[in-house]
Protein chains: 2
Amino acid sequence: MSYEPDWNVLTATCPSRTSLVRIANKWTAMIVIVLGKGRTRFRDLRTAVEGISGKVLTETLRDLERDGLVSRHVFAEVPPRVEYELTDLGRTLHGPLSALGQWAEAHITEVLDARDRYDRDH
Amino acid sequence: MSYEPDWNVLTATCPSRTSLVRIANKWTAMIVIVLGKGRTRFRDLRTAVEGISGKVLTETLRDLERDGLVSRHVFAEVPPRVEYELTDLGRTLHGPLSALGQWAEAHITEVLDARDRYDRDH
DNA sequence: CCGAATCCGTGACGATACTG
DNA sequence: CAGTATCGTCACGGATTCGG
């Protein structure tokens with residue numbers, strides 16, 4: 001009996017809900033997708049995830065680090081250099097999250113069509 | 001040449017980004033997970049997704065309907081009855097999103113341990 | 001010059017009251 | 001029961017400043 005079936009993200013007070021809230025998030029998804037390619041420094045991460053602000057990137061990385069999904073490597077250099085990479089646990093999340101990104105890219109034409117239809121009929 | 005490789009969720013202005021923003025969302029994930037079990041009326045959806053407010057449930061369902069992921073069925077009854085179900089397109093998203101929920105439930109103990117370690121060391 | 005902290009506005013979200 | 005409307009709150013997110 002190694003599996004614990006009592007966790008349920010649909011239950012408001014279940015701890016697993018707090019984990020879902022963190023991973024079911026646009027910035028988390030994009031950051032994990034980029035980190036899936038390998039260890040990346042802060043600046044490059046910020047460039048790769050277009051449109052994210054420095055503050056939000058820092059905060060999201062902190063939360064991911066706290067949840068054990070990302071590790072942080074600081075180098076005592078000038079200018080400073082900080083690199084991030086997925087942990088073993090984080091790597092198990094890369095598949096599900098990149099699947100989301102691929103879904104969005106694969107089905108965007110259908111989604112755009114649906115939006116046109118909805119906006120025309122309402 | 002049926003695949004369009006130009007879409008990229010990491011690009012700020014790419015339309016696929018707008019779709020990712022909608023699906024990489026906690027409420028979307030939970031609603032789609034519940035709807036994966038079959039057509040559900042508003043009241044039951046609100047009960048199943050613990051903690052969601054009526055306002056947010058309505059708004060999220062509207063957005064999902066607009067994107068062609070959910071269909072809405074209104075019955076002319078008193079009291080009113082409205083049922084929601086996944087479209088064919090929405091069903092293709094059920095796998096990826098329920099995978100997220102299952103990840104959260106399967107790895108929550110590791111996440112909780114990581115949080116304890118982080119909070120102790122920082 | 002890079003990474004992170006600070007300040008502050010906006011938007012998401014919940015609660016409540018009300019209508020069909 | 002299924003929304004809509006209004007309002008208050010608060011976290012998210014962007015611009016700016018600071019530190020090294």
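A residue counts as buried when its relative accessible area is under 20%. By this criterion, 47% of the 122 residues of chain A are buried. The model is predicted, and every value below is computed from it.

**Fold and dimensions of chain A**

Chain A contains five helices and three strands, arranged along the sequence as α-α-β-α-α-β-β-α. Its radius of gyration is 18 Å, whereas a compact globule of 122 residues would have a value near 14 Å. The C-alpha trace spans about 60 × 45 × 25 Å along its principal axes. Among contacts in chain A with a separation of 6 or more, 42% join residues 24 or more positions apart.

**Surface and charge**

Chain A carries 17 positive and 18 negative side chains. The centres of these two sets lie 6 Å apart.

**Interface with chain B**

The size of an interface is often given as the accessible area lost when the parts come together. Between chain A and chain B, this buried area is about 4,900 Å². Leu10(A), Arg66(A) and Trp103(A) supply 16% of the area that chain A buries against chain B, more than any other three residues. In terms of contacts, 52 residues of chain A meet 52 residues of chain B.

| Area | Value | Share from carbon and sulfur atoms |
|---|---|---|
| Buried between chain A and chain B | about 4,900 Å² | 68% |

Key. Residues numbered from 1 in each chain as written. Chains lettered and ligands numbered in written order. Predicted model: local features only at pLDDT ≥ 70, side-chain atom pairs only at ≥ 80, totals over all residues. Heavy atoms only, no water. Helix = DSSP H or I, 4+ residues; strand = E, 2+ residues; numbered from the N terminus. Rg over C-alpha atoms; globule rule 2.2 N^0.38 Å. Buried < 20%, exposed > 50% of the residue type's maximum accessible area, 1.4 Å probe, protein only. Contact = heavy atoms within 4.5 Å. Lys, Arg positive; Asp, Glu negative; His and termini not counted. Charge placed at Lys NZ, Arg CZ, Asp CG, Glu CD. Buried area = accessible area lost by both parts, 1.4 Å probe.
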